[in-house]
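Let's take a walk through this structure together, one region at a time. Have the sequence and the 3D view at hand as you read.

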Amino acid sequence: MRWQGQRVDDVGEAALLPMKGLVRSVRAPEFEGVTFHEVAAKSALNKVPQNSNMPFKWTINPTRGCLHQCRYCFARKTHEYLDLDSGKDFDTQIVVKTNVVEVLRAEVSKPSWKREHVALGTNTDPYQRSEGRYGLMPGIIRALADSGTPFSILTKGPLLKRDLPLLVEAAKKVPVSVAVSLAIMDTELQQKVEPGTPDSRARLNLIRAITDAGLECNVMAMPILPWLTDSQDQLDRLHAALADAGAGWVTTGALHLRPGAREWFMQWLQAEYPKLVPKYRRLYRSSRGDFGSYADKDYKKWLGQQAAAARRRHGFLDRPPPAWRGRDSPEKASQTALSDRAEELPGLELSGQGGQPTLF
Ligand code: SF4
């Protein structure tokens with residue numbers, strides 16, 4: 001292992017206690033300020049809680065925490081279950097299930113495994129930069145495809161290009177769907193709000209590479225940020241670029257501000273756009289009068305209409321193609337999950353027993 005000998009001891013012992021299976025914590029020079037906590041996971045497949053409306057039953061998250069560091073990330077809350085905070089710790093204390101491939105292979109080879117659809121990228125990004133070092137995704141893709149398990153991947157990471165040949169091979173064996181998340185074309189704003197992510201040009205190139213490889217690439221244009229990325233000009237610019245890159249379907253949705261993400265995002269908004277703070281407070285006021293998780297329903301309706309008009313102007317279908325709407329097969333479920341059920345994604349990993357994340 002490249003980082004042998006780079007063990008660090010200055011991570012508080014108390015902070016590590018909830019990390020079951022911790023093998024070691026390491027730092028690496030090319031990841032300044034980041035600590036990787038390598039754990040031996042007992043399971044790779046996470047069962048989605050029964051009370052969830054998600055159209056798939058299983059997820060895999062090879063990591064917890066995300067180097068993409070999106071200010072609005074809904075998964076931030078999950079770090080609190082490790083006694084880490086949902087802000088800086090989420091961005092820099094990355095838990096890696098280094099044995100995920102081995103464990104997954106054992107799980108999908110059990111006679112009881114029903115080969116139900118598995119979603120990747122629902123809680124943290126499987127192609128964040130750490131994947132370049134740990135290289136877990138090729139083994140995960142092979143394990144799923146070899147076992148006849150259909151799967152979907154959602155990412156902001158151009159590193160997925162590395163695995164395109166594997167994904168093309170996997171798609172010959174099982175239904176595979178790939179989606180890219182891209183909602184901000186303005187590089188300056190994107191770097192402020194998603195500081196660890198590749199810019200729009202890199203992600204558009206990724207979309208093009210996926211379609212050139214013969215796979216359909218759908219786009220999650222989420223979150224749209226009120227007063228920052230929701231003008232007609234901005235939606236036009238985004239949809240024009242996505243159409244040009246060969247995107248299949250585009251799903252648009254307004255920013256969610258659930259606890260965990262809300263505090264972090266609002267701190268950022270206060271620092272960067274203080275005049276917007278009162279406007280956001282009004283827009284996200286709940287029926288109880290406190291700060292809610294969702295934008296006002298009239299705003300969401302308005303945004304939906306604006307997005308539909310932008311899709312039409314740029315040649316996208318007026319509604320998702322049939323494969324995106326069905327619920328009766330795993331592959332259709334996958335596509336649906338990335339489109340009209342997108343609003344539910346944030347709750348996916350938090351609705352387990354006692355509100356504990358279902359990651360481990
Ligand atoms: S890429 Fe996804 S998981 Fe990672 S910080 Fe951004 S929103 Fe969260």
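Which residues of helix α3 are buried? Keep in mind that you are looking at a predicted model. In α3, which spans residues 100–108, the buried residues are V100, V103, L104, E107 and V108. They span an arc of only 125° around the axis, so they sit on the same side of α3.

V103 lies in α3 and has a relative accessible area of 12%, so V103 counts as buried. Setting aside neighbours within four places in sequence, V103 is in contact with A41, K42, S43 and A44. Take K42 from that group: 61 residues separate K42 from V103 in sequence, while their C-alpha atoms are 7.1 Å apart in space.

Searching the whole structure brings up two cavities of 30 Å³ or more. The second largest cavity holds about 40 Å³ of space, and its lining consists of P62, T63, V96, P126, S130, E131, Y134 and L136. By class, that lining has five nonpolar, two polar and one charged residues.

Finally, which residues are found around the ligand? They are C66, H68, Q69, C70, Y72, C73, F90, N123, T124, D125 and K156. This shell divides into five nonpolar, four polar and two charged residues.

Technical notes. Residues are numbered from 1 along each chain as its sequence is written. This is a predicted model: local features need pLDDT of at least 70, side-chain atom pairs count only at pLDDT 80 or more; totals for chains, interfaces and linings use all residues. Side-chain values use heavy atoms; hydrogens and water are left out. Buried means under 20% relative accessible area, exposed over 50%, partly exposed in between (1.4 Å probe, protein chains only). Helices (H or I, at least four residues) and strands (E, at least two) are DSSP runs, numbered from the N terminus. The arc is that of the directions from the helix axis to the C-beta atoms. On a 1 Å grid over the protein atoms alone, a cavity is a set of points where a 1.4 Å probe fits but cannot get out, and a pocket is an open set with protein on both sides within 12 Å along at least five of seven lines; lining residues have an atom within 4 Å of a point. Grid points are joined across faces, edges and corners, and a volume is the space filled by probe spheres set on the points. Ala, Val, Leu, Ile, Met, Phe, Trp, Tyr, Cys and Pro count as nonpolar, Asp, Glu, Lys and Arg as charged, and the others, Gly among them, as polar. A residue is near a molecule or strand if one of its heavy atoms lies within 4 Å of it. Contact means heavy atoms within 4.5 Å.
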